[in-house]
Amino acid sequence: MASRKQIVMSGIRPTGFLHLGNYFGAVRNYVRMQEDYECFFMVADLHSLTTHPDTAELKNNVHRVLSENIACGLDPDRVALYCQSHVHETAELYLLLNMLAYLGELEKTTTFKEKARLQPDNVNAGLLTYPVLQTADIILHRASLVPVGKDQEQHLEMARKFAQRFNHRYGKIFPEPQAFNYGSELIKVPSLDGAGKMSKSENQFATLYLSDDDELIRKKVMRAKTDQGPTEKNSPKPDYIENIFLLMKLVSSEETIHAFEEAYNTCTIRYGDMKKELAEDMVKFITPIRQKAESIRNDENYLKEIMEKGAEKARKSARTTMEQVRSAMGFNY
Ligand code: TYM
């Protein structure tokens, strides 16, 4: 008998422009995984309300995330590409899972602590239970693989914990989901200033967005932090130089990388030249995605159609899971 395909699920919040971190941490994996797995990818509009309660820009941002995903190579006929709020079963499972999540563990979550610090006047309950909603997204489809960047590792640990708790208490329904990346490690794409990671809403001049035009890409790359260069052969690289090499590894050819490694190790490197090369390779990488995304974004009817089709597929899978959940929990009176 043919074995059932493993199920894959992941999501992106519509809180701004997609950047290289989203691409290399998440979307690049989605595009490969659609060949081999049954995939559910969604725009996490409900999650975005925990930090962006104003919904004036939401529609635009949802459209943007969808267009950019498709421009990167996601095929909406192959995967379920949908919007989180269109699948109401998510809210039901979220509520049920909330009874299995403890205040102490939620308060200790790194992302909660970080966001509570950033928005002290809006430490809402949704922020606290963010990982519970994320767990609901994932296990609603009984997914076992979740392509994400390194920053989501702790959320995935929590998802496993909540799934285990459910299984233990009510019967084994859910696989334990694992964070996934082709290659061995989950990745973190660093920001161009060497401080932290690329991000949708912070650090905008140190982040390369898939919508940046050629001149802006060049400007940002040329401003990346460097120094006078090494004075001793084969010396270790400072973090901000390591980051430039890391970015180069994402978009440049092996020969190019090799040549600059060599120049670094022999103290002949010229960072101006290195950044020029990196900028041109980034432009080559980003331009076709930007152009394709722009043309898709202008076609509202197409996007609406895709969201409807995606939500239908997602709801079908969600309904099957929720029937099992309700029955396992004893909601049968
Ligand atoms: P979000 O919207 O912050 O990011 C979307 C994806 O991009 C990855 N990512 C990065 N990877 C590498 N380097 C970076 N600098 C970088 N910045 C972002 C993130 O790891 C993520 O994979 N909580 C999720 C959204 C979500 C979700 C889910 C994910 C909601 N429900 C269910 C998986 C499964 C988030 O905030 O992603």
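## Definition and basis

A salt bridge is taken here as a side-chain nitrogen of Lys or Arg within 4 Å of a carboxyl oxygen of Asp or Glu. By this rule, the structure holds 17 salt bridges.

The structure is a predicted model, in which local features need pLDDT of at least 70 and side-chain atom pairs count only at pLDDT 80 or more, while totals for chains, interfaces and linings use all residues. Residues are numbered from 1 along each chain as its sequence is written, and side-chain values use heavy atoms, with hydrogens and water left out.

## A link between distant parts of the chain

K59 and E300 form a salt bridge through their side chains, at 3.6 Å from N to O. The two residues are 241 residues apart and join distant parts of the chain: K59 lies in helix α3 (residues 58-71) and E300 in helix α14 (residues 300-329). Helices here are DSSP runs of H or I with at least four residues, numbered from the N terminus.

Accessibility is classed by relative accessible area (buried under 20%, exposed over 50%, partly exposed in between; 1.4 Å probe, protein chains only). K59 is exposed at 51%, whereas E300 is partly exposed at 42%.

In the salt bridge between E153 and K150, the closest N and O atoms are 2.9 Å apart. E153 is partly exposed at 34% relative accessibility, and K150 is partly exposed at 37%.

D273 and R270 also meet in a salt bridge, with an N to O distance of 3.1 Å. D273 is partly exposed at 34%, while R270 is exposed at 56%.
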